[in-house]
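Subject: Structure handover

Hello,

Please find the structure below. Notes on what was found in it follow.

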Amino acid sequence: QVQLVESGGGSVQAGGSLRLSCAASGRTFNNLAMGWFRQAPGLEREFVAAMNWNGIITNYADSVKGRFTISRDNAKNTVYLQMNSLKPEDTAVYYCKAYSSSFYYSGERLGDTWGQGTQVTVSS
(Lines give C-alpha, C1' and ligand atoms only; values in the text may rest on other atoms or scores of the structure.)
Protein backbone atom coordinates (compact mmCIF):
# COMPACT_ATOMS: atom_id res chain seq x y z
CA GLN A 1 0.00 0.00 0.00
CA VAL A 2 1.28 3.47 -0.85
CA GLN A 3 1.08 6.37 1.60
CA LEU A 4 0.60 9.94 0.38
CA VAL A 5 1.36 13.25 2.07
CA GLU A 6 0.37 16.54 0.42
CA SER A 7 2.00 19.89 1.08
CA GLY A 8 2.23 23.34 -0.44
CA GLY A 9 -1.25 24.64 0.21
CA GLY A 10 -1.88 28.11 1.56
CA SER A 11 -3.55 31.43 0.98
CA VAL A 12 -2.95 33.52 -2.11
CA GLN A 13 -4.59 36.41 -3.91
CA ALA A 14 -6.37 35.96 -7.21
CA GLY A 15 -3.90 35.75 -10.06
CA GLY A 16 -1.24 34.23 -7.87
CA SER A 17 0.42 30.81 -8.01
CA LEU A 18 0.97 27.83 -5.75
CA ARG A 19 2.69 24.50 -6.23
CA LEU A 20 1.32 21.49 -4.43
CA SER A 21 3.46 18.45 -3.74
CA CYS A 22 2.45 14.91 -2.94
CA ALA A 23 5.16 12.67 -1.53
CA ALA A 24 4.60 8.94 -1.81
CA SER A 25 6.08 6.11 0.23
CA GLY A 26 5.51 2.40 0.52
CA ARG A 27 4.40 0.53 -2.58
CA THR A 28 6.27 1.28 -5.80
CA PHE A 29 5.26 4.76 -6.86
CA ASN A 30 6.76 4.66 -10.32
CA ASN A 31 4.20 2.15 -11.63
CA LEU A 32 1.11 4.06 -10.56
CA ALA A 33 -0.98 6.71 -12.25
CA MET A 34 -1.42 9.78 -10.04
CA GLY A 35 -4.08 12.44 -9.81
CA TRP A 36 -5.26 15.57 -8.03
CA PHE A 37 -8.81 16.20 -6.86
CA ARG A 38 -10.40 19.00 -4.86
CA GLN A 39 -13.39 19.54 -2.63
CA ALA A 40 -14.92 22.91 -1.87
CA PRO A 41 -17.22 23.42 1.13
CA GLY A 42 -20.66 21.97 0.51
CA LEU A 43 -19.64 20.40 -2.78
CA GLU A 44 -18.59 16.94 -3.88
CA ARG A 45 -14.97 16.12 -4.54
CA GLU A 46 -14.10 16.77 -8.16
CA PHE A 47 -11.38 15.74 -10.56
CA VAL A 48 -8.62 18.26 -11.29
CA ALA A 49 -5.80 16.48 -13.14
CA ALA A 50 -4.23 13.08 -13.67
CA MET A 51 -1.26 11.50 -15.37
CA ASN A 52 -0.22 7.97 -16.20
CA TRP A 53 2.74 6.19 -14.68
CA ASN A 54 5.40 7.72 -16.92
CA GLY A 55 3.89 11.18 -17.18
CA ILE A 56 3.30 11.02 -20.92
CA ILE A 57 -0.49 11.05 -20.88
CA THR A 58 -2.27 13.70 -18.85
CA ASN A 59 -5.84 14.90 -18.44
CA TYR A 60 -7.29 18.05 -16.92
CA ALA A 61 -10.66 19.33 -15.86
CA ASP A 62 -11.91 22.02 -18.23
CA SER A 63 -11.96 24.51 -15.37
CA VAL A 64 -8.18 24.32 -14.90
CA LYS A 65 -6.88 23.70 -18.41
CA GLY A 66 -4.17 26.16 -19.35
CA ARG A 67 -3.69 27.22 -15.71
CA PHE A 68 -2.71 24.05 -13.85
CA THR A 69 0.03 21.58 -14.70
CA ILE A 70 0.50 18.11 -13.22
CA SER A 71 3.96 16.60 -13.22
CA ARG A 72 5.90 13.89 -11.45
CA ASP A 73 9.45 13.10 -10.42
CA ASN A 74 9.69 9.35 -10.07
CA ALA A 75 13.20 9.61 -8.65
CA LYS A 76 11.75 11.61 -5.74
CA ASN A 77 8.47 9.65 -5.50
CA THR A 78 6.64 12.94 -5.79
CA VAL A 79 3.83 14.34 -7.91
CA TYR A 80 3.22 18.07 -8.28
CA LEU A 81 0.41 20.39 -9.20
CA GLN A 82 1.54 23.79 -10.42
CA MET A 83 -1.37 26.20 -10.15
CA ASN A 84 -1.15 29.54 -11.93
CA SER A 85 -3.64 32.35 -12.45
CA LEU A 86 -5.57 31.20 -9.42
CA LYS A 87 -9.19 32.24 -9.01
CA PRO A 88 -11.39 32.43 -5.90
CA GLU A 89 -13.36 29.47 -7.26
CA ASP A 90 -10.20 27.36 -6.98
CA THR A 91 -10.55 27.55 -3.20
CA ALA A 92 -10.83 23.99 -1.89
CA VAL A 93 -9.07 21.19 -0.09
CA TYR A 94 -6.81 19.51 -2.65
CA TYR A 95 -6.25 15.77 -2.47
CA CYS A 96 -3.62 13.61 -4.10
CA LYS A 97 -4.67 10.17 -5.36
CA ALA A 98 -2.65 7.12 -6.30
CA TYR A 99 -4.59 4.99 -8.77
CA SER A 100 -4.39 1.22 -8.43
CA SER A 101 -3.15 1.04 -12.03
CA SER A 102 -0.49 2.46 -14.29
CA PHE A 103 -3.19 4.36 -16.19
CA TYR A 104 -5.78 6.69 -14.72
CA TYR A 105 -9.50 5.97 -14.98
CA SER A 106 -12.85 7.40 -13.95
CA GLY A 107 -14.46 6.41 -10.71
CA GLU A 108 -13.11 4.51 -7.75
CA ARG A 109 -11.40 1.12 -7.62
CA LEU A 110 -10.26 -1.10 -4.80
CA GLY A 111 -6.72 -0.17 -3.96
CA ASP A 112 -6.97 3.56 -4.72
CA THR A 113 -5.12 5.62 -2.12
CA TRP A 114 -5.79 9.18 -1.00
CA GLY A 115 -3.73 11.72 0.87
CA GLN A 116 -5.04 13.75 3.77
CA GLY A 117 -5.54 16.92 1.75
CA THR A 118 -4.11 20.42 1.78
CA GLN A 119 -6.12 23.64 1.93
CA VAL A 120 -5.87 26.20 -0.88
CA THR A 121 -7.57 29.55 -0.35
CA VAL A 122 -7.71 32.18 -3.08
CA SER A 123 -8.94 35.64 -2.14
CA SER A 124 -10.30 38.21 -4.55
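To begin with two tyrosines: Tyr99 is buried, and Tyr105 is buried too (buried means under 20% relative accessible area, exposed over 50%, and partly exposed in between, with a 1.4 Å probe and protein chains only).

Some notes on the source. This is a predicted model, in which local features need pLDDT of at least 70 and side-chain atom pairs count only at pLDDT 80 or more, while totals for chains, interfaces and linings use all residues. Residues are numbered from 1 along each chain as its sequence is written, and side-chain values use heavy atoms, with hydrogens and water left out.

Aromatic pairs

Tyr99 and Tyr105 form an edge-to-face aromatic pair, at 4.9 Å centre to centre and 90° between the planes. For such pairs, the rings of Phe, Tyr and Trp (its six-membered ring) must have centres within 6.5 Å; planes under 30 degrees apart count as stacked, over 60 as edge-to-face and the rest as tilted. A search of the whole structure finds 3 aromatic pairs. Another of them is Phe37 with Phe47, also edge-to-face, with 5.6 Å centre to centre and 75° between the planes. Phe37 lies in strand β4 and Phe47 in strand β5, so this pair ties together parts that are 10 residues apart in sequence. (Strands are DSSP runs of E with at least two residues, and helices are runs of H or I with at least four; both are numbered from the N terminus.) Phe37 is buried, at 11% relative accessible area, whereas Phe47 is partly exposed, at 26%. Phe37, Phe47 and Trp114 form one aromatic cluster.

Strands and sheet

An open sheet of 4 strands has the order β1-β3-β8-β7, with antiparallel pairing (two strands pair if DSSP finds at least two bridges between them). Its edge strands are β1 (2–7) and β7 (68–73), each of which pairs on one side only. From one strand to the next, the twist averages 20° (axes are lines fitted to C-alpha atoms, for helices over the stretch in contact, and angles run from 0 to 180 degrees between N-to-C directions). Strands β1 and β3 (residues 18–26) run antiparallel and are joined by 6 bridges. Glu6 has Cys22 in β3 as its bridge partner.

Strands β4 and β5 (residues 46–51) are also antiparallel, with 5 bridges between them. Met34 stands opposite Met51 in β5. On its other pairing, Met51 has Thr58 in β6 as bridge partner, and 3 bridges join β5 to β6, which run antiparallel. The hairpin of β4 and β5 has 6 residues between the strands, and Gly42 takes a positive phi near 80° there. In the hairpin of β5 and β6, with 6 residues between the strands, Gly55 takes a positive phi near 80°.

Nonpolar cores

Which residues have the most contacts inside the largest nonpolar core? They are Trp36, Leu81, Met83 and Tyr94, in a core of 29 residues. (A nonpolar core is a set of buried Ala, Val, Leu, Ile, Met, Phe, Trp, Tyr and Cys residues joined through side-chain atoms within 4.5 Å.) Two or more residues of this core come from each of β1, β3, β4, β5, β7, β8, β9 and β11 (118–123). Leaving aside residues up to four places away in sequence, Met83 touches Gly16, Ser17, Leu18, Leu20, Arg67, Phe68, Tyr94 and Val120 (contact means heavy atoms within 4.5 Å). A second, separate core of 5 residues includes Ala33, Phe37, Ala50 and Tyr99.

Salt bridges

The structure holds 6 salt bridges (a side-chain nitrogen of Lys or Arg within 4 Å of a carboxyl oxygen of Asp or Glu). One of them joins Arg38 and Asp90, at 2.9 Å from N to O. Arg38 lies in strand β4 (residues 34–39) and Asp90 in the loop between β8 (78–83) and β9 (92–98), so the pair ties together parts that are 52 residues apart in sequence. Arg38 is buried at 5% relative accessibility, and Asp90 is buried at 0%.

Asp90 also forms a salt bridge with Arg67, with the closest N and O atoms 2.7 Å apart. Arg67 is in the loop between β6 (58–60) and β7, 23 residues from Asp90, and Arg67 is buried at 11%. Arg38, Glu46, Arg67 and Asp90 are linked in a network of salt bridges.

Asp62 and Lys65 form a salt bridge as well, at 3.2 Å between the closest N and O atoms. Here Asp62 is exposed at 63% relative accessibility, and Lys65 is partly exposed at 49%.

Regards
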